[in-house]
Amino acid sequence: MDAIASPSVPDVKGASGAGVRIRVRGLAKRYGALEVFRSIDLDVGDCEILSIVGPSGCGKTTLLRCIDGLIPVDEGEIWVNGTRVTQPIAGMAMVFQHFGLFPWKTVYGNVAYGLKMAGASKAEIAERVPHFIAMVGLKGFENAYPYQISGGMQQRCGLARALAVEPSVLLMDEPFAAVDAQTREILQFELLRIWEQRPTTMLFVTHSIEEAVLMGDRVIVLKGRPSSIAETIVVDLPRPRTRETLREPRFAALREHVWSTLLSEARRAEFEVGGGL
Amino acid sequence: MASLDASLAKPIAKEAPRRRALGVSGVFLPRLLAGLAIVLVWEASVRAFLPAYVAKPSTVLLAIPKTVVDAAFLAATADTLGAVAQGLGIAVVIGTLVGLVIGRSPTADRMLRHYVNGFYAVPMIVILPLLSLWFGYTSATRLATIVYAAIFSIVVNVSDGARAVPREYMEVARSFRAQRLRGLFEIVLPAATPYFLAGIRLAAGRALIGAVVAEFFTAIGGLGYFILFMSRTFRHDEAFVGVALLAAFGVGVDVFVAWCTRRFLPWYRRDERSA
Ligand SMILES: Nc1ncnc2c1ncn2[C@@H]1O[C@H](COP(=O)(O)OP(=O)(O)O)[C@@H](O)[C@H]1O
Ligand SMILES: [Mg+2]
């Protein structure tokens, strides 16, 4: 894999000196005549959480699919861990908006899937799967099929499946958009707790402003047609972030800031205000 | 930790037994009554209008004990069902592979679709003379007829199922770097299993018809030939025991497939399970 990447590896040590895990330059994507986004530049540092917020249909999922190597890009380049991404690479895992669980596999089977594809041995799978099932709070549900558990639990399973391959980069596509508000809140704080235990670089896509601010070290706002990055907001809230964070004046100020950036185009109906929290 | 949304988990088996018990008693009685009615009308009309050698339920029933121990009948049954099982096996393996390829490869689909649909529509009875020319009046002709009769319903169903696999599943597989072939057998195949089982159900019926038709035409023995021979020698009761066995086989396949669905596909159609 290194041999493929070596000819023109970009400077993986960013200006800040921190390792850059994800580097995106001049990215553009079209579906036929529809230009989804253009000139996207991103640098995501080691163990940084970058939130991406934008209205429905602005191309958030498309961007993640490009970065995961699932679909080709029309312009620009993507580098993850120093490797030029043209197809899915090891060390990166995605959590899907609609969970993407296989209905014919149990929770155990679904969590084991990524490991199996990565060629892990039986012993390795037997050791790691229960660990990650416990980490996301699904102990006791190993043998349940997806239809037997709630949406929140299904996404816990999707999260465990991604975590189980121990990726250095996690791509989260509106992971909590399909669960009810209460469960969503629980899952947000659990994800933060898991991240504290085992920090990874994370691209966290959401259309909830509050969620973007709560999770991210930075928030980028996508807007326009075709969309591009309208603004990058640094979230200088301390970690670990907890329920207390939500009550801090600084949190409210940042939320308002992101809100006004998004609102400068009159599309207020497309955003949730406090829906997620 | 998970307690809050654990409580949202759907009850897994609580209401199932009650619903099934209701289903069995609710279906069983009408089923029995319908059967009795058919038998009575049959018995009465034969007694009233037809000669004594014409089969009627009472005499068929009496013929069962001596027919089922008849060595010729047993050999014929084993012969036919063995051929059906063998032919179905061949049809399932080849049909599934071809169906998967057609369902997942637009090129293969464009190349083969019309041929498959064309052959599917051609009645096996018009293919039989050709097959008997190629294979002679042997059991190979019967086997070929069975495979021909069965394979296209498998191909058509499996390819429909393979086409209908949600794109998201394929994307998850790709994201976790599954090789293409593993995706085909570990994602497409299980996702298409319900279609596959529907195909087997159709194929089993058609395979049986294929076997019997081949035996009628080529006189190579077997259950179909047994029935034909008994009819021609005016032993209609014995013939009907054979017919009843064929019918039982049809029902048996249905029950077996339904059982397989419950046993191996608990995730499939969990709301509409009834025998
Ligand atoms: N496979 C596709 N083919 C054509 N258009 C697509 C495809 N996927 C998404 N789109 C379109 O691209 C735009 C961005 O979609 P998406 O990335 O899903 O947005 P978001 O995730 O932000 O809601 C939408 O207008 C959508 O209709
Ligand atoms: Mg989306």
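Student: How much area do chain A and chain B bury between them?

Tutor: Buried area is the accessible area (1.4 Å probe) that two parts lose on being put together, summed over both. In this predicted model, chain A and chain B bury about 3300 Å² between them, and 63% of that lies on carbon and sulfur atoms. On the side of chain A, 23% of the area buried against chain B comes from A:Trp104, A:Met117 and A:Tyr147, more than any other three residues supply. As to conventions, the model is predicted, so local features need pLDDT of at least 70 and side-chain atom pairs count only at pLDDT 80 or more, while totals for chains, interfaces and linings use all residues. Residues are numbered from 1 along each chain as its sequence is written, chains are lettered from A and ligands numbered from 1 in the order in which they are written, and side-chain values use heavy atoms, with hydrogens and water left out.

Student: How many residues does each chain bring to the contact?

Tutor: Contact means heavy atoms within 4.5 Å. By that criterion chain A brings 41 residues and chain B brings 29 residues.

Student: Which elements of chain A give two or more residues to the side that touches chain B?

Tutor: Helices (H or I, at least four residues) and strands (E, at least two) are DSSP runs, numbered from the N terminus. Here the elements are strand E6 (92-95), helix H3 (107-117), helix H5 (151-164) and helix H6 (181-197) of chain A.

Student: Where does ligand 1 lie, and which residues surround it?

Tutor: A residue is near a molecule if one of its heavy atoms lies within 4 Å of it. Ligand 1 lies between chains A and B, and its surrounding residues include A:Tyr31, A:Lys60, A:Thr61 and B:Arg167. Helix H2 (60-67) of chain A is one of the elements that supply at least two residues of this shell, and H2(A) gives the most, with three residues.

Student: Which polar atoms approach the ligand 1 oxygen and nitrogen atoms?

Tutor: An oxygen atom of ligand 1 is 2.7 Å from an N or O atom in the side chain of A:Thr61, and an oxygen atom is 2.9 Å from a polar backbone atom of A:Lys60. A nitrogen atom of ligand 1 is 3.4 Å from an N or O atom in the side chain of A:Tyr31.

Student: Which peptide bonds are cis?

Tutor: One cis peptide bond joins A:Arg225 and A:Pro226, with omega about -10 degrees. Another runs from A:Arg239 to A:Pro240, with omega near 0 degrees.

Student: Why does the pair of A:Glu48 and A:Arg218 tie together parts apart in sequence?

Tutor: In this salt bridge the closest N and O atoms are 2.5 Å apart. A:Glu48 lies in the loop between E2 and strand E3 (49-53) of chain A and A:Arg218 in strand E9 of chain A, so the pair links parts 170 residues apart in sequence.

Technical notes: A polar contact is a pair of N or O atoms within 3.5 Å; within protein, one must be able to donate a hydrogen and the other to accept it, and residues adjacent in sequence count only if both atoms are side-chain atoms. A salt bridge is a side-chain nitrogen of Lys or Arg within 4 Å of a carboxyl oxygen of Asp or Glu.
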